[in-house]
Amino acid sequence: MIVDSHFHFSSMIKRGIDTLPEDLIGIEIGTDAGDTEKRLSLLPPSPHIFFSIGSGPWVLDDNDYVSPDNEREKLLADFSLFGADAIGECGFDNHWGYGTPEAQRDLFMMQVDMASELDLPLIIHTREADKEIREAFLSPSFKCRGIMHCFSSDTELARIALDKGLYISFAGNVTYKSNTAIQEAASYVPQDRILYETDAPYLSPIPMRGKPCMPEYTEHTLSFLSEIRKENKDKLKEAVMENLLKVLKRDKTIRKLC
């Protein structure tokens, strides 16, 4: 069984990876409103591959971007046709500086409200934007469950996210030698709130760094996490799968399919 809480299959295909493990349980992640039909046409039929719909901050730099309300209409149109298991990924990105800080916040909070209304988990993207995500967490309207994807900050932000009831997912970059703050956070998160992911085809863990990432590589991240957390590898994997099903509000009997 392979557990991967966050991967992008259409981007994997562009990197030459056109198959998914038969025993995969995970979430195929949306990045742009209106991309759902194409993404679903590429996915193999499986009752334990879930999918999200969302608009990341990068859409703010698209020539056809109009407003958060327009993005909401497009996302709801996809939801009415295809449904969804989660909203996102969405959030803040100061590394590339898409749009303006205000535009990023407005787009993110629209999807916070949407996740709350639809009772779906929110997939949160944050890159070099700890201040912005903290402020969003303090908003009275932040009332949804969700996942902090590819957690790349410190224990303090992890504590705040846990206080908001969020799950925290670690990608392959937790294995990089220089990322001691992320490793400390990974040791801090309790077992009943931790997830791991690939963000495939990006962020391959050591020893696969430099190669296009794929869900099978979560086994390297799992091994690293179990070592630094001093936990049994099999028990940690079982806990991560349970956590993924809990945040998705899925019946645990799905384990029999994996």
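Visitor: Hey, where's proline 201 in this thing?

Guide: Proline 201 is in the loop between β8 and α8. Keep in mind that this is a predicted model.

Visitor: What kind of peptide bond joins alanine 200 and proline 201?

Guide: A cis one, with omega at about 15°. That loop between β8 and α8 also holds proline 207, and a cis peptide bond links isoleucine 206 to proline 207, again with omega at about 15°.

Visitor: OK, new topic. What order do the strands of the sheet come in?

Guide: It's an open sheet of 8 strands, ordered β1-β2-β3-β4-β5-β6-β7-β8, and the pairing is parallel. At the edges you'll find β1 (2-7) and β8 (194-196), each pairing on one side only. From one strand to the next, the twist averages 25°.

Visitor: And how many bridges do β2 and β3 have?

Guide: β2 (residues 24-28) and β3 (residues 49-53) pair over 3 bridges. Glutamate 28 sits opposite phenylalanine 51 in β3.

Visitor: Which strands does helix α8 lie across?

Guide: Helix α8 (residues 218-229) lies across β1, β7 (167-170) and β8, and runs at about 145° to β8.

Visitor: Last one: what's phi for glutamate 128 and for cysteine 150?

Guide: For glutamate 128 phi is near 55°, a positive value in a residue other than glycine. Cysteine 150 has a positive phi too, near 45°.

Technical notes: Residues numbered from 1 in each chain as written. Predicted model: local features only at pLDDT ≥ 70, side-chain atom pairs only at ≥ 80, totals over all residues. Heavy atoms only, no water. Pairing = 2+ DSSP bridges. Helix = DSSP H or I, 4+ residues; strand = E, 2+ residues; numbered from the N terminus. Axes fitted to C-alpha atoms, helices over the stretch in contact; angles between N-to-C directions. Contact = heavy atoms within 4.5 Å.
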